[in-house]
Each structure stands twice: as structure tokens, then as C-alpha cells.
Amino acid sequence: MRIEKCLKNIRCDEARCKNFAKYSLTTSSYKGNFNFCEECFLSLKNSIGKLIKTEKKKEKDD
């Protein structure tokens with residue numbers, strides 16, 4: 001899995017977003033790439049960060 005700059009004029013994959021994608025998340029999946037504009041990419045990044053913090057907190061509590 002890797003994240004690259006999106007070089008094509010593709011719309012963001014977020015359902016309600018109409019912006020052009022700036023980043024492309026490439027996976028080895030049959031589903032293909034996921035493309036995000038800067039705002040949606042930062043939202044994804046923040047959501048992942050919160051999830052990781054929650055998981056680390058649970059590990060400490062156990």
C-alpha cells in the first residue's frame with residue numbers, strides 16, 4: 001500500500017465531495033485506487049490517528 005500524488009484530473013472518492021483528487025492511495029486490492037482531495041485526505045488521516053490513540057489506550061488499560 002502506498003500514497004502518491006494524483007497526477008490525473010480525477011474527482012475525490014468521498015461521497016459528498018466534488019473537488020479534484022490530490023492524493024491517490026494505491027492498494028493491492030481488486031477494488032483499485034482511492035483518490036482524495038487535500039481536505040478529505042486530512043480528514044482520513046485524523047480519523048486514523050484517533051483510532052490508533054484509542055487502540056493504544058485500550059492496550060494500556062488491559
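Predicted model: local features only at pLDDT ≥ 70, side-chain atom pairs only at ≥ 80, totals over all residues.

Q: How many salt bridges does the structure hold?
A: Side chains of opposite charge can pair when their charged atoms come close. In this structure there are three salt bridges.

Q: Which residue forms a salt bridge with Glu4, and how far apart are the closest N and O atoms?
A: The partner of Glu4 is Arg2, and their closest N and O atoms are 2.8 Å apart.

Q: Which residue does Arg16 meet in a salt bridge?
A: The side chain of Arg16 meets that of Glu14, at 3.5 Å from N to O. Arg16 counts as exposed, at 73% relative accessibility, whereas Glu14 counts as partly exposed, at 31%.

Q: Where do the partners Glu38 and Lys22 lie?
A: Their side chains meet in a salt bridge, at 2.9 Å from N to O. Glu38 lies in helix H1 (residues 38-61), and Lys22 lies in the loop between strand E1 (2-5) and strand E2 (23-26), so the pair ties together parts that are 16 residues apart in sequence. Glu38 is partly exposed at 36% relative accessibility, and Lys22 is partly exposed at 33%.

Q: What lies over the face of Phe20?
A: For an Arg, one asks whether its CZ atom is within 6 Å of a ring centre and within 35 degrees of the ring normal. Here Arg11 lies over the face of Phe20, at 4.2 Å from the ring centre.

Q: How many aromatic pairs are there?
A: In such a pair, two ring centres lie within 6.5 Å. The count for this structure comes to one aromatic pair.

Q: Which residues make up the largest nonpolar core?
A: In soluble globular proteins, nonpolar side chains tend to be buried together. The largest nonpolar core here has eight residues: Cys12, Cys17, Tyr23, Leu25, Phe36, Cys37, Cys40 and Phe41. Strand E2 and helix H1 each supply at least two residues of this core.

Q: Which residues does Cys12 touch?
A: Leaving aside residues up to four places away in sequence, Cys12 touches Cys17, Asn19, Phe20, Ala21, Asn35, Phe36, Cys37 and Cys40. Cys12 is itself one of the core residues.

Note on methods
Residues numbered from 1 in each chain as written. Heavy atoms only, no water. Phe/Tyr/Trp six-rings, centres within 6.5 Å; stacked < 30°, edge-to-face > 60°. Salt bridge = Lys/Arg side-chain N within 4 Å of Asp/Glu carboxyl O. Buried < 20%, exposed > 50% of the residue type's maximum accessible area, 1.4 Å probe, protein only. Helix = DSSP H or I, 4+ residues; strand = E, 2+ residues; numbered from the N terminus. Core = buried A, V, L, I, M, F, W, Y, C linked by side-chain atoms within 4.5 Å. Contact = heavy atoms within 4.5 Å.
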